[in-house]
Amino acid sequence: MPKSPQHKWYETWFDSPHYHRLYGHRNTKEASTFIKGLHHKFGWKRLQLLDLACGKGRHSAAAAGLGHSVVGMDLSPNSIADAKKIHTGTSNLRFVEGNMLDFDLGERFDGVLNLFTSFGYFDNLSDHLAVLKRIRHHLNVDGFLILDFLNVEFSLARLIPSETLNRGGVDYIISRSFGDLGHGIPGFIKTIEFEEDGTLYSFTERVSGMDRVALTSLLAETGFVVFDTFGNYDLSDWKPKESPRLILCARALDTGFSSTM
Ligand SMILES: C[S@@+](CC[C@H](N)C(=O)[O-])C[C@H]1O[C@@H](n2cnc3c(N)ncnc32)[C@H](O)[C@@H]1O
């Protein structure tokens, strides 16, 4: 439930059972299809992977099931506790709590996964750059980042200003707009309101409207070069108007970037 106003929106909303109920269709099947696709497409062999902002670990578990060693990290204590309960007994999979803004796991990875719009939550560019620098710092030479973000053009064209969705007997009243997130950063603002047991709740999602050019430039600034781009979890080609996702596959460059903070 909303803790207090000084908590950031992403600390409360994603830690709530209602987030998981509302997004229940984003399930293990979707995650498994996506991870298997990447594994086969790029010929991944026993990699060390970090699933950054892993939620309850649906992608982490899929990657571990393919033989990779995976660390899933998330800010949400409830999601990490659930991930540990759900995916017990897998020696090549572990979960830790952590904040993508300042994490230091003391190890390096072959690849970092940041999936299903787990980026773009801040109202200033420097925090977004800080996250990419943290990722870069955790990568081996030649390591890669898979950044799976929303496709702004597609999402804007299909933005539904208001709707009510019933999930598990709860009516979620949803309002969406595109506007200034602060500091001149435009983005998607979604409010989710509902009543449960006589109490009214209100949560917000605020996601930056960074497009392919903006994200590619942030990546370049932090020592990455994009080597492939997909438009959905079936790894179809990216098309600006038609693709629901913007999946950027970026390689960490070895030169010209200091990974120390
Ligand atoms: C849209 S969900 C996606 C979760 C997961 N990747 C999936 O596909 O199921 C975004 C996740 O980012 C996590 N998150 C938000 N802010 C974070 C932060 N500052 N550091 C780490 N994780 C964060 C949330 O707790 C949430 O689990």
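Good morning. I begin with the ligand: one of its nitrogen atoms is 2.7 Å from a polar backbone atom of Ala-53, a polar contact being a pair of N or O atoms within 3.5 Å. A ligand nitrogen also lies 2.8 Å from a backbone N or O atom of Met-100. For Leu-115, the distance from a backbone N or O atom to a nitrogen of the ligand is 3.1 Å. On its own the ligand has 580 Å² of accessible area, of which the protein covers 96%; such areas come from the Shrake-Rupley method with a 1.4 Å probe.

Please note that this is a predicted model, in which local features need pLDDT of at least 70 and side-chain atom pairs count only at pLDDT 80 or more, while totals for chains, interfaces and linings use all residues. Residues are numbered from 1 along each chain as its sequence is written, and side-chain values use heavy atoms, with hydrogens and water left out.

Around the ligand there are 19 residues, and those that come nearest are Ala-53, Arg-58, Asp-74, Asn-99 and Met-100; a residue is near if one of its heavy atoms lies within 4 Å. This shell divides into 10 nonpolar, 7 polar and 2 charged residues, where Asp, Glu, Lys and Arg count as charged, Ala, Val, Leu, Ile, Met, Phe, Trp, Tyr, Cys and Pro as nonpolar, and the others, Gly among them, as polar.

I turn now to a sheet. Four strands form an open, antiparallel sheet in the order 6-7-8-9; strands are DSSP runs of E with at least two residues, helices are runs of H or I with at least four, and both are numbered from the N terminus. Two strands pair if DSSP finds at least two bridges between them. Strand 6 (162–167) and strand 9 (199–208) are at the edges with a single partner strand each, so one side of each has no neighbour in the sheet. Strand 8 (residues 186–196) pairs with strand 9 in the antiparallel sense over 10 bridges.

Finally, the backbone. Most residues other than glycine have a negative phi. Arg-46, however, has a positive phi near 40°, and its place is in the loop between helix 3 (28–42) and strand 1 (48–52). Phe-116 has a positive phi of about 55° and sits in the loop between strand 4 (109–114) and helix 6 (125–137). Are these two residues buried or exposed? Arg-46 counts as exposed, at 72% relative accessibility, whereas Phe-116, at 14%, counts as buried; buried means under 20% relative accessible area, exposed over 50%, and partly exposed in between (1.4 Å probe, protein chains only).

Notes:
Polar contact = N/O pair within 3.5 Å; in protein donor to acceptor, adjacent residues only side chain to side chain.
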